[in-house]
Amino acid sequence: MIDANQSADTWKKNACILCECNCGIEVKVDDRRLLKIRGDKDHPGSQGYTCEKPLRLDSYQNGSHRLDTPLRRSADGTYEEIDWQTALDEIAARLRAVRAEHGGESIFFYGGGGQGNHLGGSYGRALFHAVGARYTSNALAQEKTGEGFVDTELYGSHTSGDFENAEVSVFVGKNPWQSHGMARARPTLKEIARDPERSMIVIDPRKSETAAMADYHLQLKPGTDVWCLAALDATLVQEDLIASEWLRANAVGVEEVLTLLREVDIADYSRRCGVPEETIRAAARRIGRAGSVSTYEDLGIQQAPNATVNAYLQKLLWVLTGNFAKPGGMHMHSWMFPIAGTWFPVPHDSTPRFDSARRTVGLLAMRSGAGAMRWMAAKLSGKGFGSSIMERGAQTSLRMFFESSGAAVAQPIANILGNPAQDGFTLVTGARIVSGLIPANSIADEILTDHPDRLRAMWIDSSNPLHSLADSDRFRRAMRSLDLTVVVDVALTETAREADYVLPASSQFEKYEASMFTLHFPHNTFQLRNPLMPAKPGTRSEPFIYAELIDRLGSVDKKLLSELRSAAVIGRAAFNLVLFSTIEQRPELAGLLPYILYRTLGSTFAEGEEAKAMIWGMAQMACIANPDAARRAGFTAEGAAQGEQLFDAIVNNPQGVTFTDDRYEDAWKYIRHADGKIHAYIPELVDEIRLLDKEDPCYTSDAYPFILSAGERRAFTANVIIRNPEWRRRDKQGSLRMCPTDASAMGVASGDSVRLTTETGTASTVVEISEMMQPGHVSLPNGMGVSYPTETGDEVVGVALNTLTSVTRRDKFFGNPWHKNVPVRIEAIRTPDAMETDDSDVPAEAI
Ligand SMILES: Nc1nc2c(c(=O)[nH]1)N[C@H]1C(S)=C(S)[C@@H](COP(=O)(O)OP(=O)(O)OC[C@H]3O[C@@H](n4cnc5c(=O)[nH]c(N)nc54)[C@H](O)[C@@H]3O)O[C@H]1N2
Ligand SMILES: Nc1nc2c(c(=O)[nH]1)N[C@H]1C(S)=C(S)[C@@H](COP(=O)(O)OP(=O)(O)OC[C@H]3O[C@@H](n4cnc5c(=O)[nH]c(N)nc54)[C@H](O)[C@@H]3O)O[C@H]1N2
Ligand code: SF4
Ligand SMILES: [Mo]
């Protein structure tokens with residue numbers, strides 16, 4: 001609950017929402033302003049650390065960008081303010097109409113959360129299922145899908161490195177000094193750099209802040225990682241630096257990989273990537289001889305040529321050297337609830353519990369207990385003596401059920417919620433679906449076609465794809481051609497400006513919110529953030545919006561909802577029992593669970609706290625999946641009671657909790673292959689690697705002689721979460737970094753204007769001469785080029801990168817765009833006239 005008499009002197013706990021680290025913060029609020037912000041020492045992950053960015057979070061919370069009324073697009077393209085009732089009624093009616101005419105699978109869902117807000121998106125999943133949708137995607141499907149595929153093939157799930165303890169840390173196309181991506185990134189990097197026993201290897205064409213701290217900087221030519229990584233792997237094999245015995249015991253398919261790598265001509269591959277052979281060999285030796293190695297790949301290879309193959313070769317560095325499941329090595333980890341991919345119950349420490357007799361008894365206990373509970377719930381009104389007996393009875397049935405079959409029943413439910421689309425291919429373009437996501441850069445193609453199964457409607461929540469996906473103009477045309485588009489956002493974004501309806505969301509500091517970036521090992525943490533202030537008038541939280549729409553669609557019968565509400569009034573065990581038995585009998589309701597929880601369990605919480613219901617569901621799931629790790633984290637009750645303990649702890653600890661505590665060797669339990677081993681051989685990627693010696697990398701041409709990396713993370717970029725350009729202290733317009741040699745050849749100095757031209761568009765910007773860059777490589781920051789309303793009209797500062805990028809230059813397997821590798825022509829803007837008319841603050845315009 002929000003304390004109406006809050007004092008500006010109280011520090012309130014929350015989290016930074018500007019990158020996936022979600023560092024804990026404490027905030028003093030005054031008159032809806034985030035007055036003072038400091039790192040929260042009590043946060044179990046960040047322990048007081050923050051970077052410089054959250055101090056400016058008020059620029060997200062307050063400003064002229066905030067929407068406060070639903071908007072409806074008129075035929076002439078202007079927007080009309082409408083009330084919530086009208087907006088929700090009309091949207092529900094139009095969703096129903098699209099479904100009736102073209103089927104629910106023609107309604108596409110994009111987004112569902114940015115860097116810090118995934119709770120609302122979890123309720124959005126219920127709307128996805130309520131309309132019978134089939135396709136979804138989000139930003140992960142333009143960066144992490146190739147890596148996700150490789151993870152799934154090799155061992156089954158996402159991995160994270162133990163950089164605090166690693167003897168050797170390897171960063172491939174990753175600049176953690178600026179982009180973070182690990183808890184307390186800067187102190188950790190400094191410790192590595194200071195310690196003579198430890199080493200840092202950075203693969204980056206740019207001398208990034210991290211590369212400047214590295215012991216080995218493999219400064220390759222942009223886009224050539226695949227040769228560099230193959231040469232590193234090959235050195236490990238050819239110089240016999242691999243962990244042969246470990247591989248024999250723990251992996252299969254190794255021989256195929258070794259055969260491939262034995263054939264690699266290391267000298268030739270070094271030449272192709274532009275890194276001296278001796279540097280590659282020295283780095284490989286350092287990896288091969290280290291006591292522990294952790295690796296981290298990011299956009300530098302994920303949004304560049306050969307993204308999926310790069311992920312494979314990068315992971316082979318630690319697989320071949322056996323750096324798994326030990327301090328300083330790589331690990332799979334628990335999840336509060338997986339953001340992509342399938343849900344997975346981790347095998348129990350003790351004997352197997354799934355023998356069929358026990359399972360039958362457990363299921364019977366659950367069914368008969370639930371039957372009795374339903375009957376009693378209908379008779380009892382409210383809490384009373386009877387209800388406490390019922391609750392105890394429910395606890396007994398639940399215990400038998402959970403011990404024997406809880407995980408088996410939970411698994412399909414979790415997978416329907418977490419991984420809605422089955423992996424496979426889309427009907428229209430044949431794009432490959434991985435972890436339930438269609439390639440983000442195929443979306444426009446799934447719309448701009450006359451194929452009868454094309455997408456007809458798009459729901460967008462917490463994302464600005466018109467700005468963040470390749471070729472903004474094409475995305476705009478795609479949006480325009482749909483029958484219905486709805487955007488849920490706090491601001492009138494570039495995407496919202498093309499939508500039929502815009503629904504103004506309450507900010508992340510005005511509602512219960514949570515991030516599902518729970519990617520840590522061995523200690524994994526989760527934080528439920530309480531609202532810092534009441535919602536801005538006119539805005540609504542996403543859970544509210546989704547529940548209201550599903551009410552209007554009438555997807556769940558009222559009798560069932562009332563039965564579950566009565567059970568929830570008796571107690572959580574009674575509710576749990578009736579809920580499980582309902583879903584077990586009516587599996588078609590599994591996808592609607594978030595809504596059902598909100599409308600039933602949620603109604604037993606104080607007004608405004610309904611959204612916590614989903615957290616209860618997640619806490620139960622997290623304990624069913626990880627009972628031993630949760631027990632070690634202090635949640636020692638058995639069965640459903642363990643989930644209750646975790647839920648209570650989450651609610652009572654606004655600074656966050658450690659929900660699982662693993663031991664290093666537990667990483668083995670997260671392997672999803674039935675044989676418990678790493679499957680090193682991925683045939684379709686090995687086939688690609690075989691072809692590498694036939695290709696000489698060259699991504700430039702006479703027309704486009706430079707490579708532009710479109711999207712460098714700098715000190716004051718944070719995707720487009722903050723729109724007010726004034727939040728940036730330095731480099732307000734986000735200059736183009738260029739090396740001194742190129743600058744002098746072009747005769748430009750820092751501060752001069754240049755025009756950039758790519759296959760897709762043109763833009764002008766200012767130059768910053770930077771020793772970070774190598775000749776032929778230039779770099780622009782992400783997060784620029786968004787509109788911000790001012791008294792004199794909309795102000796747009798910096799280059800909107802995706803007016804320059806194309807959807808065709810993308811990964812062969814999963815469509816990841818090559819944002820880091822955009823061929824570009826650069827011309828100095830010389831005449832004084834041109835300098836005046838071509839203001840560098842003017843955004844890029846597509847031609
Ligand atoms: N400050 C800040 N932090 C952020 C964000 C932000 O907007 N601002 N965004 C967050 C998000 S969503 C993400 S996904 C992460 C991304 O985090 P990172 O991937 O670390 O960030 P980038 O700066 O985009 O790219 C990393 C590096 O890739 C290098 N690179 C360019 N081309 C190549 C190449 O061909 N090969 C190799 N090996 N490297 C290349 C660049 O020079 C750069 O140093 O950051 C997160 N953190
Ligand atoms: N050229 C190029 N393109 C890129 C990148 C690049 O480096 N270069 N980086 C890519 C990467 S890695 C990523 S992750 C994407 C990110 O791009 P997007 O997926 O578009 O995500 P964000 O920029 O984080 O936008 C988040 C949106 O959520 C809104 N928002 C904030 N709080 C709330 C809330 O509480 N509720 C709702 N409903 N909305 C809210 C914000 O106003 C904003 O519009 O961009 C990608 N695009
Ligand atoms: S931007 Fe990222 S690293 Fe910096 S404080 Fe926020 S969450 Fe932490
Ligand atoms: Mo990202």
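These notebook entries record what I looked up in a predicted model.

**Ground rules.** I number residues from 1 along each chain as its sequence is written, and I letter chains from A and number ligands from 1 in the order in which they are written. For this predicted model I take local features only at pLDDT of at least 70 and side-chain atom pairs only at pLDDT 80 or more, while totals for chains, interfaces and linings use all residues, and side-chain values use heavy atoms, with hydrogens and water left out.

**Ligand 3.** I listed the residues around ligand 3, counting a residue if one of its heavy atoms lies within 4 Å. The shell consists of C16, L18, C19, C21, N22, C23, T50, C51, K53, P54 and H180. I sorted it into seven nonpolar, three polar and one charged. Here Ala, Val, Leu, Ile, Met, Phe, Trp, Tyr, Cys and Pro count as nonpolar, Asp, Glu, Lys and Arg as charged, and the others, Gly among them, as polar.

An unreviewed UniProt entry lists residues 9-65 as "domain: 4Fe-4S Mo/W bis-MGD-type". UniProt positions are in the numbering used here, feature names are shortened, and annotations may be inferred rather than shown by experiment. I find this stretch to be 7% helix and 32% strand, with its end C-alpha atoms 27 Å apart. Helices (H or I, at least four residues) and strands (E, at least two) are DSSP runs, numbered from the N terminus.

**Domains.** The assignment, automatic or from a database, gives domain 1 (11-61), domain 2 (159-332 + 674-691) and domain 3 (698-846). I noted 30 Å between the C-alpha centres of domains 1 and 3. Their contact (heavy atoms within 4.5 Å) takes seven residues from domain 1 and eight residues from domain 3.

**Cores.** I looked for nonpolar cores, meaning sets of buried Ala, Val, Leu, Ile, Met, Phe, Trp, Tyr and Cys residues joined through side-chain atoms within 4.5 Å. Buried is under 20% relative accessible area, exposed over 50%, and partly exposed in between (1.4 Å probe, protein chains only). The largest core has 123 residues, and L127 and W459 have the most contacts inside it. Domain 1 and domain 3 both give residues to this core, so it lies between them. A second, separate core has 75 residues, including V226 and M332. Leaving out residues up to four places away in sequence, I find W459 touching, among others, F108, L127, V488 and Y546.

**A715.** Which residues does A715 contact beyond its neighbours within four places in sequence? They are E52, K53, Q178 and R730. A715 sits in the loop between β25 (706-712) and β26 (736-738) and is buried at 13% relative accessibility. E52 is 663 residues away along the chain, yet the two C-alpha atoms are separated by 7.7 Å.

**K669.** I found K669 in the loop between β23 (657-661) and β24 (678-679). This lysine is buried, at 18% relative accessible area. With neighbours within four places in sequence set aside, its contacts include D349, D628 and R663.

**Backbone.** The peptide bond from F521 to P522 is cis, with omega near 0°; P522 lies in the loop between β20 (513-514) and β21 (523-526). Q47 is not a glycine but has a positive phi of about 50°, and its relative accessible area of 49% makes it partly exposed. D731, also not a glycine, has a positive phi of about 50° and is partly exposed at 27%.
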